[in-house]
Amino acid sequence: ASNATDELKRFAEIIDAPVADSLMGKGGFDGNNKRYTGMLGMHGTKASNLAATKCDLLIAIGARFSDRVISSQNHIKNAKVLHIDIDPAEINKNIKVDASVIGDAKIIVEKLLSRVDAKRNQEWLDKIEDIKKANLPKEESEALTPKYLFDKLNEMNDKGNIIISTEVGQHQMWAAQYFNF
């Protein structure tokens, strides 16, 4: 909502970190970027969920930590949590955080970009990449399946101009899981 996609990409590059999203965060980070691990939570990828449970720092930008994303503090017990949100009511509402910053994501990430030193986390990124590769959906024939349909849409979306619209339900989850926003 704050149009911070470029800033978020630069921030992820500087801190050398993987990036997951929630359903409401789709499109906030390029789904084709090598750092992207997929959606987090109940309908998310194994890579995103394991990364969140095994990381030492979880930076949540504009996330409300609903029961569909992280349902318990126990799921992120190894991590310090930095929560960035424009709505102060979301801080510590569902998950106790170690630090928070209230404000517009674009402004906050821009300020962080000028204050954070570059990091190298290649071992961590390699571990996440191994998890991603080990959990790829099984190759299917050209039968008309949701994954096949979205693979074809992704192939046609080389300019990023396809608009996806869903209602609530399984087709919403298929779009969230298989379309590269």
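At what angle do helix α1 and helix α3 pack, and how far apart are their axes?

## Two helices side by side

In this predicted model, where local features need pLDDT of at least 70, side-chain atom pairs count only at pLDDT 80 or more and totals for chains, interfaces and linings use all residues, helix α1 (residues 5-15) and helix α3 (residues 105-113) pack at about 35°, with axes 9 Å apart. Residues are numbered from 1 along each chain as its sequence is written, and side-chain values use heavy atoms, leaving out hydrogens and water. Helices (H or I, at least four residues) and strands (E, at least two) are DSSP runs, numbered from the N terminus; axes are lines fitted to C-alpha atoms, for helices over the stretch in contact, with angles from 0 to 180 degrees between N-to-C directions.

From α1, Glu7, Leu8, Arg10, Phe11 and Ile14 meet Lys106, Val109, Glu110, Leu112 and Leu113 of α3 (contact is heavy atoms within 4.5 Å).

Over in α2 (residues 46-54), Ala47, Ser48, Ala51 and Ala52 are the buried ones (under 20% relative accessible area, 1.4 Å probe, protein chains only). Down the axis of α2 they fall within an arc of 130°, so they line one face; the arc is taken from the directions from the helix axis to the C-beta atoms. Their cover includes β1 (19-21), β2 (36-39) and α4 (122-134).

## The sheet

Three strands make an open, parallel sheet ordered β3-β4-β5 (pairing takes at least two DSSP bridges). β3 (57-61) and β5 (99-102) sit at the edges with a single partner each, so one side of each lacks a neighbour in the sheet. β4 (residues 80-85) joins β5 through 4 bridges, and Leu82 stands opposite Ala99 in β5.

Methods. Buried means under 20% relative accessible area, exposed over 50%, partly exposed in between (1.4 Å probe, protein chains only).
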